[in-house]
Amino acid sequence: MKEKWSLTNIIFNVVTAIVILAASYLALVFPADFVLDLFWEKCGQDKIQSVSYHYGQFAGLPAGEGLPKLTNIEQYNNFEGNEYITFQTNDILPLNAYRLKSSSDATDTKYRRKGRLVSSGVVRWNTYGEKAGFKRYLFNRYYLVKLPDGNYVTAFLDDGVYLRYRLTGNVQLPVGYITYMSAGEKKLLAPYIIEYGLNEEKILKMFCEERYEKYKILNYLILVGVWVLVLAVYLSIVILVENIFEHKHNT
């Protein structure tokens, strides 16, 4: 009994619980597209021009050659149509503003068993929110992105791009286009529009909903892989420490 409740075992159990919680949190917030982009073919102007009709489906893909570069706030404010653009930035500010990655994630069917009867109910998630909670993996964040001229614009930007920015300090933004804010976005982003003096009508879209829908299962597998990787690293450290102490005890 003493061995079971020894200080070493208590510390091990506490640390293990903390690591599991940390791994679970990381799996919730880790942007799967950060991994997908490493293997994705870049989308340049040639690829865009090869399709007869586009409606923004390329937004969020890694930017290739030939795309127009957005350089200043005047271009942004006066931009018309849905021409794709890109640019490099050295500053991205995350906002407490989230949107579901896809409208298909807006409903969730719950099943409850009462004796031999099974009843179902549909839970509807808000498309927009200031918090994402335990459903964070279904949401993508809004950001303020710095233009080359120093001004900031609002962007629905892939979370993986923000992670790359945090790692490098300077990042090439993916394919994007300038469009008008929806009513939900205006309401959600109103405090930031006022605080930063942003354009209250337009927003930069840089998230690929089509890719997310097509590879949703792969997204989930990447998140599971992150969880397993964290635990594997932790177990490797535990085994290494045990071997070190065992070696010292035997010498």
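Which strand does β2 pair with, in which sense, and over how many bridges? I began my notebook with that. I am working from a predicted model. Strand β2 covers residues 92–100, and its partner here is β6, residues 139–146. The two run in the antiparallel sense, and 6 bridges join them.

**Entry: salt bridges**

How many salt bridges does a search of the whole structure find? I got 9.

I took Asp-37 and Arg-211 to start with. Their side chains meet in a salt bridge at 2.9 Å, N to O. Asp-37 lies in helix α2 (residues 33–39) and Arg-211 in helix α7 (residues 209–214), so the pair ties together parts that are 174 residues apart in sequence. Are these two residues buried or exposed? I found both buried. The pair also belongs to a network of salt bridges, which links Asp-33, Asp-37, Arg-164 and Arg-211.

I turned to Asp-159 and Arg-136. Their salt bridge is 3.2 Å, N to O. Asp-159 sits in helix α5, while Arg-136 sits in the loop between β5 and β6. The two are 23 residues apart, and the pair links distant parts of the chain. I noted Asp-159 as buried, and Arg-136 too.

The last pair I looked up was Lys-186 with Glu-201. The closest N and O atoms of this salt bridge are 3.1 Å apart. Lys-186 is in helix α6, and Glu-201 is in the loop between α6 and β10, 15 residues apart. Lys-186 has a relative accessible area of 32%, so I logged it as partly exposed. Glu-201 is at 34%, so it also counts as partly exposed.

**Entry: a nonpolar patch**

Which residues make the nonpolar patch? I listed Leu-229, Val-233, Ile-237, Val-241 and Phe-245. The patch comes to about 480 Å². I placed Ile-237 in helix α8, residues 216–250. Its relative accessible area is 47%, so Ile-237 is partly exposed.

**Entry: chain totals**

I counted 8 helices and 10 strands in the protein chain. The chain has 251 residues, and 40% of them are buried. For contacts with a separation of 6 or more, I found that 69% come from residues 24 or more positions apart. The accessible surface of the chain is about 15,300 Å². Carbon and sulfur atoms account for 58% of that surface.

Note on methods
Residues numbered from 1 in each chain as written. Predicted model: local features only at pLDDT ≥ 70, side-chain atom pairs only at ≥ 80, totals over all residues. Heavy atoms only, no water. Pairing = 2+ DSSP bridges. Helix = DSSP H or I, 4+ residues; strand = E, 2+ residues; numbered from the N terminus. Patch = residues over 30% accessible without salt bridge, like charges linked within 9 Å, V, L, I, M, F, W, Y side chains within 5 Å. Areas by Shrake-Rupley, 256 points an atom, 1.4 Å probe, with all protein chains shown as cover. Salt bridge = Lys/Arg side-chain N within 4 Å of Asp/Glu carboxyl O. Buried < 20%, exposed > 50% of the residue type's maximum accessible area, 1.4 Å probe, protein only. Contact = heavy atoms within 4.5 Å.
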